[in-house]
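Thanks for coming. I will walk through one structure this morning, a few residues at a time.

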Amino acid sequence: MAGTSSPGTGLYARLGALAAIFTAELLAITTWLDTSALLGRHGLAALVGDWGPWLVKLVIASVAAFLILGESRRPAGNVDVDIRSDSVDWRLLLSHALAMVLVVLLSAVVFGNGADGLLSNVEVLVWIASGLAAIALAACALIPARIWIAKIREMRDLLVFAPAAGLAGCLLGSFANKFWKPLSSGTLTLASIMLRPFLAHVVADRTTMTLGSDKFNVTIAPACSGYEGIGLVLAVTCAWLWFLRRQWRFPNALALIPIGVATVWTLNAARIAALILIGNAGAEQIALGGFHSQAGWIAFSLVALGVCAAARRMAWFNVETEPIHSIASFAAPNPVAVYLLPFLAILAAGLIARATSADFEWFYGLRVIAAVGALWYFRRSYRSLDWRFGPAALGLGAVVCAMWIALDRFTSIAPLAAPAAFAHATLSARSAWIALRLIGAVITVPIAEELAFRGFLLRRLAGADFESVSSKAFSWMPFVVSSIAFGILHGDRWLAGAIAGMCYAFAMQRRGRLGDAVVAHSFTNLLLAVWVLFTGNWQFW
């Protein structure tokens with residue numbers, strides 16, 4: 001449960017990973033499935049259709065309330081759970097993945113042409129049981145069952161109070177939708193302002209609640225407006241202030257209510273604008289699914305958690321603030337994570353960006369944000385690495401660029417022009433995308449990939465304790481295998497990628513400095529970017 005350890009114990013990281021897994025799965029399922037497919041069904045299938053979305057919201061709100069109240073009740077600076085010695089149970093995590101596969105298969109049956117009568121009820125029961133099993137398996141894979149049991153016993157009173165707060169949030173959320181009509185003008189105005197840098201012409205009709213572009217626009221109904229999030233934050237914040245009233249400095253703490261509501265209102269406008277951009281990019285089904293998925297409800301819960309975490313550290317709001325831990329009090333992070341997480345963050349963000357794009361990956365910036373976040377999180381661990389570089393790294397980067405272009409012509413890969421969606425976008429949208437693409441290509445991608453392939457993989461292939469392997473140490477097997485792996489990452493340009501990987505490995509091993517490999521890689525990408533922008537050969541991007 002949140003709030004039982006300092007960041008150094010690993011519990012927060014495990015909870016964050018668990019939340020990320022559940023959020024991704026829930027968004028995928030609620031975007032894919034539509035309870036309207038269960039109209040006209042009978043038995044348990046009808047109950048799922050009528051009450052399923054509302055029950056999911058209740059669970060999300062209750063969990064958010066439990067985490068907020070559990071975190072806030074913890075005495076400042078208290079540390080009583082340390083799970084660093086408990087490794088992630090990969091067998092349970094694999095079992096979770098298999099259970100989710102079963103959930104997907106059963107979802108296709110339940111929401112498709114399912115059976116009738118008793119067999120239909122059995123299908124729904126097995127579907128629900130599979131979902132609950134998947135949740136339990138993931139939870140126990142990351143955090144041992146004994147800790148879940150101990151914390152639930154310790155905070156058993158919250159098992160009643162948190163669902164009550166969640167129920168109040170759902171009821172207030174439904175009531176808040178009634179304010180969509182009188183307050184819609186401001187929301188549509190803010191959302192349209194957010195859309196203007198990206199769309200040449202914004203359609204915003206306040207009489208019909210229509211918003212979008214000439215290519216894609218929607219009429220936003222109260223149920224899809226996101227205003228129920230205001231009710232959630234209002235209910236949870238009020239319950240939180242009352243439940244922990246001895247900790248807060250009144251009347252200062254009352255300011256948290258309008259702060260939370262204003263934050264949700266602003267983010268709701270951003271949510272609507274983002275879904276419009278997704279639809280305008282060609283992914284209309286994803287955009288329409290986003291309006292009826294639980295994405296907004298999850299985001300509103302995160303706002304409530306964020307307000308809680310921030311307020312706990314501000315003396316103006318509460319009597320006893322969280323102490324600032326010294327660097328020495330934080331446990332050293334997993335060395336493998338230090339080298340791999342920035343690269344994995346880029347891959348994960350890329351999957352999301354491509355999933356929400358059709359003709360063009362407008363959300364490339366997600367990759368940059370993910371990489372920057374991971375690099376910033378481990379910034380202290382990177383101080384010990386040798387980031388120095390010499391002019392030879394620039395020369396090697398130029399050679400790799402020339403090789404890349406020459407091999408492209410030798411292999412007869414057809415040149416590609418800029419995608420039509422990009423070419424017809426506004427100047428501000430094109431400029432913003434190019435700026436983010438350059439930041440990614442020249443800064444975040446070289447750092448993340450060199451940490452993963454040269455900093456970790458090359459040395460890990462040379463020895464199990466990769467940190468003890470010198471960056472100067474050369475061995476043919478790690479040199480070749482890590483370079484081929486780097487080449488495979490580049491798809492049909494695997495040969496050029498493998499040769500580039502060998503060059504970057506040589507750059508690092510020549511003087512034992514990771515900085516030489518990063519700069520060579522960065523300069524290659526910079527020259528390729530210049531080539532793309534001045535010649536129009538977009539196949540390199």
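Before the first residue, one term: contact means heavy atoms within 4.5 Å. What you see is a predicted model, where local features need pLDDT of at least 70 and side-chain atom pairs count only at pLDDT 80 or more, while totals for chains, interfaces and linings use all residues. Residues are numbered from 1 along each chain as its sequence is written, and side-chain values use heavy atoms, with hydrogens and water left out.

Let me start with Ser-522. Leaving aside neighbours within four places in sequence, Ser-522 is in contact with Val-442 and Pro-446. Ser-522 lies in helix H19, residues 514-535. Helices here are DSSP runs of H or I, at least four residues long, numbered from the N terminus. Is Ser-522 buried or exposed? Buried means under 20% relative accessible area, exposed means over 50%, and partly exposed is in between, with a 1.4 Å probe and protein chains only. Ser-522 has a relative accessible area of 13%, so Ser-522 is buried. The side chain of Ser-522 also reaches the backbone oxygen of Val-442, at 2.6 Å.

Ser-483 counts as buried because its relative accessibility is 0%. Which residues does Ser-483 touch, not counting those up to four places away in sequence? They are Gly-497, Ala-498, Gly-501 and Met-502.

Now to the rings. Rings of Phe, Tyr and Trp (for Trp, the six-membered ring) pair if their centres lie within 6.5 Å; planes under 30 degrees apart count as stacked, over 60 as edge-to-face, and the rest as tilted. How many aromatic pairs does the structure hold? There are 14 aromatic pairs. One of them joins Phe-343 and Phe-453, with 5.3 Å centre to centre and 75° between the planes, an edge-to-face pair. Phe-343 is in helix H12 and Phe-453 in helix H16 (residues 427-462), so this pair ties together parts that are 110 residues apart in sequence. Both Phe-343 and Phe-453 are buried.

Phe-486 and Tyr-504 also pair: the ring centres are 6.2 Å apart and the planes stand at 80°, so this pair is edge-to-face. Since Phe-486 sits in helix H17 (residues 476-488) and Tyr-504 in helix H18 (residues 494-511), the pair ties together parts that are 18 residues apart in sequence. Phe-486 has 1% relative accessibility and so counts as buried. Tyr-504 has 1% relative accessibility and so counts as buried. Phe-343, Phe-453, Phe-486 and Tyr-504 form one aromatic cluster.

Next, charged pairs. A salt bridge is a side-chain nitrogen of Lys or Arg within 4 Å of a carboxyl oxygen of Asp or Glu. By that rule the count comes to five salt bridges.

Arg-493 forms a salt bridge with Asp-408, with the closest N and O atoms 2.8 Å apart. This pair links distant parts of the chain, 85 residues apart: Arg-493 is in the loop between H17 and H18, and Asp-408 is in helix H14 (residues 391-410). Arg-493 has a relative accessible area of 14%, so Arg-493 is buried. Asp-408 is buried because its relative accessible area is 4%.

Arg-513 bridges to Asp-516, and there the closest N and O atoms are 3.0 Å apart. Arg-513 counts as buried at 13% relative accessibility, and Asp-516 is buried with a relative accessible area of 4%.

The salt bridge between Arg-91 and Asp-89 has its closest N and O atoms 3.7 Å apart. Arg-91 is exposed, because its relative accessible area is 67%. Asp-89 counts as partly exposed, at 23% relative accessibility.

To finish, back to helix H12. Gly-350 has its place in helix H12, and with 1% relative accessibility Gly-350 counts as buried. The C-alpha atoms of Gly-350 and Glu-361 are separated by 9.1 Å, with the two residues 11 apart along the chain.

Leu-341 is found in helix H12 too, which spans residues 335-355. Leu-341 is partly exposed because its relative accessible area is 37%.

That is the last residue on my list. I will take questions now.

How values were computed. Helix = DSSP H or I, 4+ residues; strand = E, 2+ residues; numbered from the N terminus. Polar contact = N/O pair within 3.5 Å; in protein donor to acceptor, adjacent residues only side chain to side chain.
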